[in-house]
Amino acid sequence: MSFRIIAERYAQGLAESIENTSDLDTAAEQLRAFSDLYRDVADLRTVLDNPAITPAQRTEALKDLCARLELLPVVTRTLELLMQRGRI
């Protein structure tokens, strides 16, 4: 399955789970910001991608980061799902 198809499915799921349509732009901005952070910060990639760190520890690290960034709960849940499924 192509990356584009997978990305579209996750994007559609996220959009459908947002009840307030004004949050769609906010969610998109937050996902872009997280993507930029992930791309630019090697230590973040090391923590989230390291198989020596347990999945529970990686999830906690992600949740902590999302809280510090004040991401919408739906964005945080989406990022958790992506990480659990090996898409981050």
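**Exercise 1. Compare the span of helix α5 with the expected span, then list its buried residues.**

Step 1. Helix α5 covers residues 73–84, which is 12 residues, and reaches 16 Å from its first C-alpha to its last, close to the 16 Å expected at 1.5 Å a residue. The expected span is 1.5 Å times one less than the number of residues. Helices are DSSP runs of H or I with at least four residues, strands are runs of E with at least two, and both are numbered from the N terminus.

Step 2. The model is predicted: local features need pLDDT of at least 70, side-chain atom pairs count only at pLDDT 80 or more, and totals for chains, interfaces and linings use all residues. Residues are numbered from 1 along each chain as its sequence is written, and side-chain values use heavy atoms, with hydrogens and water left out.

Step 3. The buried residues of α5 are Val 74, Val 75, Thr 76, Thr 78, Leu 79, Glu 80, Leu 82 and Met 83. Buried means under 20% relative accessible area, exposed means over 50%, and partly exposed lies in between (1.4 Å probe, protein chains only).

Step 4. After α5 comes Gly 86, with a positive phi near 70 degrees.

**Exercise 2. Determine how the buried residues of helix α4 are arranged around its axis.**

Step 1. Helix α4 (residues 55–69) has 15 residues and spans 21 Å from first to last C-alpha, close to the 21 Å expected at 1.5 Å a residue.

Step 2. Its buried residues are Arg 58, Thr 59, Leu 62, Leu 65 and Cys 66. Viewed down the axis of α4, these fall within an arc of 125 degrees, so they line one face of the helix. The arc is that of the directions from the helix axis to the C-beta atoms. An α-helix has 3.6 residues a turn, so residues three or four places apart point the same way.

Step 3. On the face turned away from the buried side, α4 carries the exposed residues Ala 56, Ala 67 and Arg 68.

Step 4. The buried residues of α4 pack against α2, α3 and α5. Thr 59, in helix α4, counts as buried at 15% relative accessibility. Leaving out residues up to four places away in sequence, Thr 59 touches Glu 80 and Met 83. Contact means heavy atoms within 4.5 Å.

**Exercise 3. Describe the backbone and exposure of Glu 70.**

Step 1. Glu 70 lies in the loop between α4 and α5.

Step 2. Its phi is positive, about 55 degrees, although Glu 70 is not a glycine. Most residues other than glycine have a negative phi.

Step 3. Glu 70 is exposed, with a relative accessible area of 65%.

**Exercise 4. Describe the packing of α2 against α3.**

Step 1. The axes of helix α2 (residues 23–40) and helix α3 (residues 42–49) come within 5 Å and cross at roughly 95 degrees. Axes are lines fitted to C-alpha atoms, for helices over the stretch in contact, and angles run from 0 to 180 degrees between N-to-C directions.

Step 2. The two helices α2 and α3 are therefore roughly perpendicular. Angles of 65 to 115 degrees count as roughly perpendicular, under 35 as roughly parallel, over 145 as roughly antiparallel, and the rest as oblique.

Step 3. From α2, Phe 34, Leu 37, Tyr 38, Arg 39 and Asp 40 meet Ala 42, Leu 44, Arg 45, Leu 48 and Asp 49 of α3.
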